Amino acid sequence: MTLSFPQLLHALLPEASLVLGALIVLAVDLTIGRTQSPVRRIRAAATLGLLAVTMAAWHAINAGAEGSVFGGVLVLDSLTMATRTGVLLLSGLTLALLPGVLRLPHPAEYVATILFATTGFTLMAAAQQLLVAFAALELASLSLYVLAGFDKTRRESAEAALKYFLFGGIAAAFLLFGFSLLYGLTGSIDFMVIAEQLQVQRATPLLVVALVMVLVAFGFKAAAAPFHLWAPDAYQGAPPSSAALIASASKLAGFVLFLRLFWHGLGPAAGSVSTFQGAPGWLPAVAILAGASMLLGNLAALAQWNVRRLLAYSAIAHAGSLLLGVMAARVSGPGPLFYYAATYGLATVGAFGVIAVVDAAGGCHKISDLAGLQRRSPLLAGCLLFFILSLAGIPPLAGFFGKFAVFAAALRINGLAGPLGWLAILAILLSAVALYYYLVILKQALVTPAEPAQTRRIAVPRAAGVTLVLIALFLLLTGLFPSLILRLFRS
Amino acid sequence: MNLPVAQLWLIPALPLLAAGIGALTPRGGRRLAATVAIGALALSFLLSVGALITALADPAAHLVHNFDWFELGSGTLRLGWVLDPLTAFMAVMVTFVGLLIFIFSTGYLRADANFTRFFCFLSLFAAAMLGLVIANSLLLLFICWELVGLASYLLIGFWFHKPAAAAAAKKAFITTRIGDLGLLLGMVWLYDSTGSLLFFDGGAGVLEPAALDALAAQATIGGLAISTAIGLLIFCGAVGKSGQFPLHVWLPDAMEGPTPVSALIHAATMVAAGVFLVARVYPLMIADQPLAHVPVHALTVVAAVGAVTALLGAVIAIGQYDIKRILAFSTVSQLGYMMLALGVGSWVAAIFHLLTHAFFKALLFLAAGSVIDAAHHEQDLRHLGGLRGPMRITFATFAIGTMALAGVPFLFSGFWSKEGILHAAHGWDVSPLPLYAGLVAVVLTAFYMTRLVAEVFHGTARGEGAAHAKESPPTMTIPLLILAGCAIALGFLGTPAWPWLQARLEGRTEIHGHSLLEGGGLMALSILLVALGIGAGWALYGRRTRTRAAAVDPLAARIPRIFSALTDRLWFDELYAATVGRLSDGTARLADLLDRHVWDGTIRFLSGLGLFAGFVNRDADEDVLNGGFDAGSAGLRRGGQAYSRRQTGDAHGYLRVVAISFVVLVMVIMLGGGQ
């Protein structure tokens, strides 16, 4: 095993750019920013942050796909490249939405924390070893706890952060315990070696416990039922941009990390993907999580009146579909899952962006706060139409092809004869249910007139307006030409 | 300047962008909307000319650019565009005629409140039509085909506050959809049989020999070759879109739209899409020709439908009083000619006529628009008359268009393209009937156009509008003059002596001209027939012009029963209302009953179930769980913990759920894993 430090440095240039960028953001704000107005401080911080993200994306694309790096600690392949670019894009869009919208003290610290979280995401995309995976996950999670509680003046924000933190802490404990059991069983922390060891070992109760412990942490990260309980509170209380990051980039990175861990590392302990028969494995448990998330998320969303809680339950429902993508990835590759997660992230960033702008203009909690949006700001209403329809999976927007690709991949495995097929049918049926609560949002925004107290026009900050339009166009483009993304994964 | 095939998509993309900008322009931005639409189409025109230069460099080649659209199960759905002389000529025609009509519209709709929306729809239409023309995949063609239908619906119903316009828009959409169903079925069948929808794909396309041989070799119901069956289904789409018998009823009603729309969509371009479609899939249509045992060849059906339509349209046009309806039925008849040419095996003659017809029919419609605009929206020829004096340019250009349509010899383009069709029909060895139908239609066309000119432009003004008519502004007359020039000049690109256009379409670089005297007998006969038609028309309507609006039509005085049948369009609409309309009403009523009493109850039950589950879920989540753990942690709270009441309750409850779930999952794997 040769350890080449220049190679490692080359592979980690995106992360280095992000960390460096975060430090520069802090330094600039501490020196020059002190005397400036808050508006200029946030604009400067966001611009520097965007520069760092752009640099990182450039390095991520240039890093190439040379396989395992530094003795298998990291892996550079097409999935790594796509995921890094994807999370950087999502974080970059979150940053671009900040100027003129964020009304918090210490904007530079907020931006720097986003950059630290993004470092965690990109590292998760490349990790191929238990310790790196855990470190990356924790870096991301700890940053996100801070982001969720950043609005120190609001009790809800603090409550959201505390709940998220408590829940995340327990999940991390489960994960670490699971990892140590895996290490104990196989004697390695390298995914590949673990897979080789599991090939020859027979399933023991201890392995099952380890698998489920890892799965619990996964369920937490993905907000899959029944480990979703933190999500509605966190989405509701956190500042909208933090919620956007939790729902988009964090999910994409999390799903890719666990895709690698489960199929590359724990693949031999999966059980049979077509029938779930044979040796016990993690697939039935994931199937339970998927079914429960889809059912619970979609049905609970029906009864929500708070738009952020609604989006949280919709996120839980989407997590169910994404789990379907994880299960189908053995046969269809990571393409459908990545496409779904990335385009779902885009639409979510967009939807939370609209909420953030409306929030800055006078509060946006209840769905009815969106009433009359079409008159108050046609631009926001138009963009929201794109995001919500994409979330609902209406063609030709990207959300439709995400659903289509994942369901087709699931149905390809054993048609309707296997549990994956039944789950796919359940997901398709629940998509119809989901359409109802998505249209409730759109009805408020486009049809219902505003309450007399809230008829003031909303002044959309220029950066936010441009970013939202860009996201909408991107959803349309990737929806019309899904092969732009899907062909990255063609072998 | 030439345009590489990879950049061909720019031609439809520019008008599409213009449509998007137009949709976002507020009502006040009239100048912006018009400028963007006209500018985008002008650029598309230049690009089309570039594409034509590329295509003519090697006319025999089908340059293609294909790409993966998305994966479908194990297969990949591919789309693409194709550049060959057929595409290039069509694109140049559509952009050029479209450009002139756009410019004309700025004058015609100058007073309309929804000016910007009109240009948005026009651009959308142009984009869809150009996409249809460049498509190298039947699927892409179908998508654009439906978009063209949508744009047509929007534009016919542009004055939707008029009930007639709203009804006409619905009628056009629904009638063409009937044909589109056939096209869709044909497309699905084609994909099922060949696994591809690309026309040309380096040997693997559906219009290339390998696929065609396979399609012609297999037989299906009734002894038809599969290629025949698919060809006929695709032809159904063409019948709907091109207003062929028996689906021609929508086209005359579509005249409720603004006149530039009639010129662009219902004369020059969209209705020609059906002809273009058959020409595009021509290799598929002729694949069954070598087979002697099949009961019917696809092209025989095409020829029959074309001949019937050519005759029917011309006959009905005689009995109409509305300028635009006369022109509409003449369009039906001319489209019948094109189908006839396709059917008798000469697709180049059909495309040549399509191109010349596009110019002179656009000219006729725009000139009619100029008349209607000047006469304060009066379009009944009984109330017009005497416009020759005040509207000189309009009269001169309308006369040129009339002569081109009637086929006045040698100088006018319509003569040469119609001669080509008659010659092709003459050479068809299956049946002489199409030739006879074509020749009779020649007399009728000359007759009804002479009637139209005599009634509108000669004699005296018989209505308020006509009495005060003034020549239209230059934005309207200049397009007329340019189109009139084209209506003359275009014919010389395809005379038998120098058939340049036909040679290029067929992919040949050398041109085999032959003497005009070859087949001169047929030409002499058709010239004689044109003279007969014009003479008869002038004798009835020109010598003694109508003096009062209420005066009886001279032809109606001679054959009153037949004439009133023609005025009522041979009762096709009534027939359809009594049969198809009844059937559909009955089905709708049945569906309504089922909906109200059966489905509605089921849906209500299901939605109630869903809502109930949702509420139970939420309550379980927020009240039972929280409440239970609230009670459980009451002791802790009394102890004066720092945490607020709800926080501790929630978090403890949540974490307990995690622990329970963990245990359940472990049990599931251990017990349910099939050990």
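Predicted model: local features only at pLDDT ≥ 70, side-chain atom pairs only at ≥ 80, totals over all residues.
Phe70(A) is partly exposed, because 19 other C-beta atoms lie within 10 Å, and a buried residue needs 20 or more. Now look at the backbone here: Phe70(A) is not a glycine, yet its phi is positive, at about 55°. To place the residue, show β1 (67-69) and β2 (74-76) of chain A; Phe70(A) sits in the loop between them.

Next, select His106(A). His106(A) counts as partly exposed, because it has 17 C-beta neighbours inside 10 Å.

Stay in chain A and turn to peptide bonds. Select Ala225(A) and Pro226(A) together. The bond from Ala225(A) to Pro226(A) is cis, and its omega is near 0°. Where does Pro226(A) lie? Show α9 (205-222) and α10 (230-237) of chain A: Pro226(A) is in the loop that runs between them.

Then select Pro395(A) and Pro396(A). The peptide bond from Pro395(A) to Pro396(A) is cis, with omega near 5°. Pro396(A) also has a loop position, between α17 (378-392) and α18 (398-414) of chain A.

Now switch to chain B and zoom out. Chain B has 675 residues, of which 54% count as buried. How many helices and strands does chain B contain? There are 27 helices and two strands. Along the principal axes, the C-alpha atoms of chain B fill a box of roughly 115 × 60 × 55 Å. Consider the contacts in chain B with a separation of 6 or more: 78% of them involve residues 24 or more positions apart.

For the last stop, select Pro554(B). This residue belongs to helix α23 (residues 554-558) of chain B. Is Pro554(B) partly exposed or buried? Pro554(B) is partly exposed, because 15 other C-beta atoms lie within 10 Å, while a buried residue needs 20 or more.

Pro554(B) touches both Leu540(B) and Tyr541(B), leaving aside residues up to four places away in sequence. Finally, draw a distance between the C-alpha atoms of Pro554(B) and Ala588(B). These residues are 34 residues apart along the chain, and the separation of their C-alpha atoms is 45 Å.

Methods
Residues numbered from 1 in each chain as written. Chains lettered and ligands numbered in written order. Helix = DSSP H or I, 4+ residues; strand = E, 2+ residues; numbered from the N terminus. Buried ≥ 20, exposed ≤ 12 C-beta atoms within 10 Å, placed from the backbone. Contact = placed C-beta atoms within 7 Å.
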